[in-house]
Structures are given as structure tokens and as C-alpha cells.
Amino acid sequence: MSGLAAVLARHVPPGIARWHGAFEVDDVRHTVEVAGWRFAHYDGWGDESKAEFLRGIGAALAFPDHYGQNFDALADCLLDVAGDTVLLWDGWGPFARADERAFSVALTVLGTRVNAERGGSFAVLLRGAGPDLPGVPSLD
């Protein structure tokens, strides 16, 4: 987990990155939590629409019941995520291919949380195949 380990050890700043680690989710969770970070997993393999993404990401991050499942609500709820957090997003490719515009907005909203100055560090790992994402580095 060298790329992830570098983020957890703060040798690499957290951000949005592609990650090709083939580890089981529970192993990733364990590694992240032992390092003192919070872990969330979004399995997006079956999600191709904005609505499915917003529902899935809200469940993954345990947003409150009043979460409105739109991008403004996502931005607001992400700011309330406290503590250093790693979000592992498996299967981002189907949504990215099916709705390029909404996926771009989703990355922008997640990137805003990554760069927020409150709530702790926030890292997003995009795992699995998908289209090229210019400007999104790989942690491998």
C-alpha cells in the first residue's frame, strides 16, 4: 500500500488520486484506521447516474437523514465530515462514462472538501478502471 501509506504518513498531501491497490476493502480499512484516519468505502460499480452516486456517497459517509442528495447538499455535508478521512471509491468508472458532466461536478465538490481548511485531511482514492482523468495523479 505504498501510495496510500505515503498519504497516511503525510509524505504525500491528501487529494483525489487514482489507486490500483488490489487489497480487500477490510484490509484497506484496517490500514487506514490503524494510522488514525477515518475510513469510508463507496462501492460504485452499479452506479451510473448522478442520483445513484449521491445516494451511494451519502451512505458511505453516513450523512444525516436531512442530506438532500444534490451537489449543494453533498458539499455542505462533506464540510461536516470531521477527522482525517480516506474515501475509497471503487467502481468510479461506470458513473464517469455514463454522465461525464455530473462526474466532473462530483470531483469538483470532492476536491473542494480536500482543499478545505477545516474538518481534517480528506483523501479520495479512485480504484478501478475508468476513463483518463487529466490532472488526477496516481498513487501507485
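Where does Gly 83 lie? Gly 83 sits in the loop between helix H4 (71–79) and strand E3 (85–90). Helices (H or I, at least four residues) and strands (E, at least two) are DSSP runs, numbered from the N terminus.

A word on the source. This is a predicted model, where local features need pLDDT of at least 70 and side-chain atom pairs count only at pLDDT 80 or more, while totals for chains, interfaces and linings use all residues. Residues are numbered from 1 along each chain as its sequence is written, and side-chain values use heavy atoms, with hydrogens and water left out.

Back to Gly 83. With 33% relative accessibility, Gly 83 counts as partly exposed. Buried means under 20% relative accessible area, exposed means over 50%, and partly exposed is in between (1.4 Å probe, protein chains only). What does Gly 83 touch, not counting residues up to four places away in sequence? Arg 113, Gly 119, Gly 120 and Ser 121. Contact here means heavy atoms within 4.5 Å. Val 136 is 53 residues from Gly 83 along the chain, and their C-alpha atoms are separated by 23 Å.

Now the whole chain. It has six helices and four strands. Along the sequence, the pattern reads α-β-α-β-α-α-β-α-α-β. The C-alpha atoms fill a box of roughly 35 × 30 × 25 Å, taken along the principal axes. What about the radius of gyration? A compact globule of 140 residues would have one near 14 Å, and the chain has 14 Å, so the two agree. That radius is taken over C-alpha atoms, and the globule rule is 2.2 Å times the number of residues to the power 0.38.

Of the 140 residues, 47% count as buried. Take the contacts with a separation of 6 or more: residues 24 or more positions apart account for 71% of them.

Next, helix H3 (50–60). Which residues of H3 are buried? Phe 53, Leu 54, Gly 56, Ile 57, Gly 58 and Ala 60. Their cover includes strand E2 (38–43), H4, E3, helix H5 (93–98) and helix H6 (100–114). Just after H3, Ala 62 takes a positive phi of about 55 degrees.

Two other residues have a positive phi. Gln 69 is not a glycine, yet its phi is about 55 degrees. Gln 69 is in the loop between H3 and H4. Its relative accessible area is 38%, so Gln 69 is partly exposed. Arg 10 is also not a glycine, and its phi is near 65 degrees. Look for Arg 10 in the loop between helix H1 (2–8) and strand E1 (16–19). Arg 10 counts as partly exposed, because its relative accessibility is 46%.

Last stop: Arg 127. This residue lies in strand E4 (residues 122–127). Is Arg 127 buried or exposed? Buried, because its relative accessibility is 10%. A polar atom of the Arg 127 side chain lies 2.8 Å from the backbone oxygen of Phe 23. Leaving aside neighbours within four places in sequence, Arg 127 is in contact with a list of residues, among them Trp 19, Phe 23, Trp 45, Trp 89 and Trp 92. Leu 88 and Asp 90 are also on that list.

Key. Polar contact = N/O pair within 3.5 Å; in protein donor to acceptor, adjacent residues only side chain to side chain.
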